[in-house]
Amino acid sequence: WRLMDSHSNSTMELAEAVTKAWPEIMSSLLPYGPIILIDRLWVKPGSARRSEWAAILRRLIEVEFKFYSVITLKAFPLEFEGAGKQRLFARRRRALMRLYSRELGMRPFPGALGRMGWMYSIAPRVADVIDAPETS
């Protein structure tokens, strides 16, 4: 039940991030394609600096999801799932956010949800049509 509960919480956080970023989601986002959620992405810390994993992920998205509007993910260090090491967890999350920004072009959502690790990337084919979320 804990896994299901954490999944429900994650889904709720994603819905909150997306609807706060794009309040008129039905007209400003969804006409341009689905929202992709990258869930449970794990990069071995020793492999993070090599970009093969990012190239594979970008290619997968290019082949399987040609017409998406936005990609979302939560930078969450899976090795800390259920652990109580908050300071180390926060440091690892910040490192993941830098990695995802550099390798995948992800940007944090504005506000508290961005600080919690929620990130997005607007599809290049619609970047001139979909506005980036306003910072508060």
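Which residue in S4 is the bridge partner of Thr 72? The tour below leads to the answer.

**Before selecting anything.** This is a predicted model, in which local features need pLDDT of at least 70 and side-chain atom pairs count only at pLDDT 80 or more, while totals for chains, interfaces and linings use all residues. Residues are numbered from 1 along each chain as its sequence is written, and side-chain values use heavy atoms, with hydrogens and water left out.

**The whole chain.** Display the protein as a cartoon. Five helices and four strands make up its secondary structure; helices (H or I, at least four residues) and strands (E, at least two) are DSSP runs, numbered from the N terminus. Followed from the N terminus, the elements run α-α-β-α-β-α-β-α-β. Of the 136 residues, 38% count as buried, a term that means under 20% relative accessible area, against over 50% for exposed and in between for partly exposed (1.4 Å probe, protein chains only).

**Colour by confidence.** The pLDDT, which is the predictor's confidence in each residue from 0 to 100, averages 85 for the protein. Confidence is lowest in H1, at a mean of 76, and highest in S3, at 96. Select residues 1-5: pLDDT stays under 50 there, and the model has zero contacts beyond four places in sequence for them; a contact means heavy atoms within 4.5 Å. Where pLDDT is low, the predicted coordinates should not be read in detail.

**Strand S4.** Select residues 118-122, where five of the five residues are buried. Trp 118, Tyr 120 and Ile 122 point one way, and Met 119 and Ser 121 point the other way. In a regular strand the side chains alternate between the two faces of the sheet.

**The partners of S4.** Two strands pair if DSSP finds at least two bridges between them. Here the opening question is settled: the partner of Thr 72 is Tyr 120.

**Glu 13.** Finally, select Glu 13 in helix H1 (residues 2-21). Is this residue buried or exposed? Glu 13 counts as buried because its relative accessibility is 7%. Its side chain joins that of Lys 74 in a polar contact of 2.8 Å (a pair of N or O atoms within 3.5 Å; within protein, one must be able to donate a hydrogen and the other to accept it, and residues adjacent in sequence count only if both atoms are side-chain atoms). Leaving aside neighbours within four places in sequence, Glu 13 is in contact with Lys 74, Leu 113, Met 116 and Trp 118.
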